[in-house]
Amino acid sequence: MTETSTPTHHPYGTPATPHVTVRGEAHLEVDPEIAHITITLTARNTDRRTTLDDLTHRNTTTLDLIKTYGDTVEKLETGTLAIRPELTRHGRAERIRAYHGSIQLTATLNDFTTLGELVTRLADHDLTRVDGPWWALRPTSPHHAAARRQAVQEALQRAREYAEALDTRIGALLELSDTGVGGGPRMARAAFSTQTFGGAATEAATDTPPIDLEPVRQTVDAQVEASFTLVPPNLG
């Protein structure tokens, strides 16, 4: 029986097959594609059912308003709903003084002019808190791929420069690893919050000019490490 010998792999290279390992990086600054806002609606009453009814009405009104903006709202989600009693001590016993209700909504928009208008109108609603915006890129944004390509090209260029310094050239790619895995892009963000109480603000909602929001540019990072073989240089 004839045995087939397997070539020995030398992870650190040999005089016959030297290796070069380089790092490639890319740092892009791009405009955000989407923005997230969080809307917290609250209600309070001495009667639990009335508190829930008020919260339900406020939630329906808010959802209807957001949905009027059509496709500019990419995502609308309902988060935590809570109804809790406020206790007060009466003698040796505790009694329920009032009920507090809250519900949280999250909206994602892709039109920042619309965003400024919507935030202004929401902030004019009673017992409504608006937090945000948080600027971001979509996970499928082409900017992520562009950064990765740029990082790979930089690694390749570095390897060629090292080879030229030795008066030789690179041979084959041995390994390419994404050293940026786990870190992801840095999401710059801005935030504000506002809360209104009382009924006068709601009546003036249509007269309030939209808030002018300046999007925060996003930083997209990519890092790779690449190993290449070199044609053995003549170092004599």
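Visitor: What pattern does the protein chain follow when it is read along the sequence?

Guide: Read in that direction, the protein chain follows β-β-α-β-β-α-β-α-β-β-α-β, and its secondary structure comes to four helices and eight strands. Helices here are DSSP runs of H or I with at least four residues, strands are DSSP runs of E with at least two, and both are numbered from the N terminus. This is a predicted model, in which local features need pLDDT of at least 70, side-chain atom pairs count only at pLDDT 80 or more, and totals for chains, interfaces and linings use all residues. Residues are numbered from 1 along each chain as its sequence is written, and side-chain values use heavy atoms, with hydrogens and water left out.

Visitor: What makes Phe 112 and Trp 135 an aromatic pair, and why is the pair called edge-to-face?

Guide: Rings of Phe, Tyr and Trp (its six-membered ring) pair if their centres lie within 6.5 Å, and planes under 30 degrees apart count as stacked, over 60 as edge-to-face and the rest as tilted. By this rule the count comes to one aromatic pair. Phe 112 and Trp 135 are 4.9 Å apart, centre to centre, with 85 degrees between the planes, and therefore they form a pair that is edge-to-face. The pair links distant parts of the chain, since Phe 112 is in helix H2 (residues 112-123) and Trp 135 is in strand S5 (residues 128-136), 23 residues apart. Both Phe 112 and Trp 135 are buried, a term that stands for under 20% relative accessible area, with exposed meaning over 50% and partly exposed in between (1.4 Å probe, protein chains only).

Visitor: Which residues does a cis peptide bond join?

Guide: A cis peptide bond joins Gly 132 and Pro 133, with omega at about -5 degrees, and Pro 133 lies in strand S5.
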